[in-house]
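Here's a quick tour for anyone meeting this structure for the first time. Have a look at it, and then we'll start with one of its helices.

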Amino acid sequence: MSRFWNPLVKELTPYVPGEQPKLSNLVKLNTNENPYGPSPAVLAAIRAATADSLRLYPDPNADALKDKLAAYHGVQRNQVFVGNGSDEVLGLVFLALLKHADAPLLFPDITYSFYPVYCKLFGIDYQTVPLSEAMAIVPETYRRPCGGIIFPNPNAPTGIGMPLAAIEQLLREQPDVPVVVDEAYIDFGGTSAIALTQRYPNLLVVQTLSKSRSLAGLRVGFAIGHPELIEGLERVKNSFNSYPLDRLAMVGAIAAFEDDAYFQQTRQAIIASRDTLTGELAQRGFAVLPSQANFIFARHPQHDARQLAAGLRERAIIVRHFNLPRIGQYLRISIGTEAECAALLAALTAIFANC
Ligand SMILES: *Cc1c(COP(=O)(O)O)cnc(C)c1O
């Protein structure tokens, strides 16, 4: 606390990201990174771009990357916005589209914990809408006056996906407010709402290269929606930072979308490991929520979640525990390689044998 701080800074409760341990011998299942490395073509493209041209500013509009994303998703360049990770894209979305003086923003009571942090930073009034008993988003519960709606699909940290028909119902019921779908985990089994952006000018879909494209370290995210939504985002972005994406990030991201074979192979491997791990945990007595993401959310009726997380940590495995209402007895476990999943199961067997 310093007397030099702006008064708002004293009031902030910043987001706390999952731990990035300095030790390298840990099995890291706590931040939903991809256990497989990026495509070799991505690394080659970044190496090739590591050249004298780094003295020059990158393209502030990232046109080459936008063209690649537009072609991949079947939209026009002016329907694509890019940013330094989807967290930055989301931050600009909150500022440009979700701040309205007359009505609160709505999002689920259990969801990505960055949303309330952006609300505080930008002075956005919000209401949380409870998930069902089964931890699902219920479209009817969003039938109330609001200035906007945001939710992840699949939701985080539950992993539960929402059918496209339910999203469309929500869009039909709320045609006059922006609806933002955060699809950070969509490539692990959900159905993207990008196609709906052609018919619903109030829909914005946000995605990231951090999870399904194994590029959390490169920091690339994007949004797709009606050109007017994109223009609003560009206005805010160009009032803050003209160059959020550097030259290496742009060429790496383009190369990632050109190597579809690697993308399909790694995401299928993760989906298969998730389904195997779900069965193995269920056999050990865990209640596992049905996941369409690269993580699972599970609780054990006989074992306290915080103690389980501590026991795993003693055995060099880190998972995420949220000390929050409704989910304090759950662990969020990222899907690792087959060997990492096996190490997790062996550690749980050892912990259960001790108590
Ligand atoms: C991981 C995650 C993000 C942020 O991803 P980055 O692109 O790495 O900033 C956004 N939303 C949700 C729900 C996430 O889980």
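## Helix α10 and its cover

The buried residues of α10 are covered by parts that include β11 (317-318), β12 (330-334) and α11 (338-353). Contact here means heavy atoms within 4.5 Å. Helices (H or I, at least four residues) and strands (E, at least two) are DSSP runs, numbered from the N terminus.

Which residues of α10 (residues 305-314) are buried? They are Ala-305, Leu-308, Ala-309, Gly-311 and Leu-312. These residues sit on the same side of α10, because they cover an arc of only 160° around the axis. The arc is that of the directions from the helix axis to the C-beta atoms. Buried means under 20% relative accessible area, exposed over 50%, and partly exposed in between (1.4 Å probe, protein chains only).

## Where the model comes from

This is a predicted model: local features need pLDDT of at least 70, side-chain atom pairs count only at pLDDT 80 or more, and totals for chains, interfaces and linings use all residues. Residues are numbered from 1 along each chain as its sequence is written, and side-chain values use heavy atoms, with hydrogens and water left out.

Now for α7 (residues 227-237), where Leu-229, Ile-230, Leu-233, Glu-234, Val-236 and Lys-237 are buried. They lie on the same side of α7, since their arc around the axis is only 165°. The face turned away from the buried side carries the exposed residues Glu-228 and Arg-235. Among the parts covering the buried residues of α7 are α3 (63-73), β2 (80-83), α4 (85-97), β7 (203-208) and β8 (221-225).

Gln-79 is in the loop between α3 and β2. Is it buried or exposed? Gln-79 counts as buried, because its relative accessibility is 7%. Leaving aside residues up to four places away in sequence, Gln-79 touches Gln-198, Ala-223, Ile-224, Gly-225, Pro-227 and Ile-230.

## The whole chain

Stepping back, the protein chain has eleven helices and twelve strands. Its C-alpha trace spans about 60 × 50 × 50 Å along its principal axes. Of its 355 residues, 51% count as buried.

As for contacts with a separation of 6 or more, 72% of them are between residues 24 or more positions apart.
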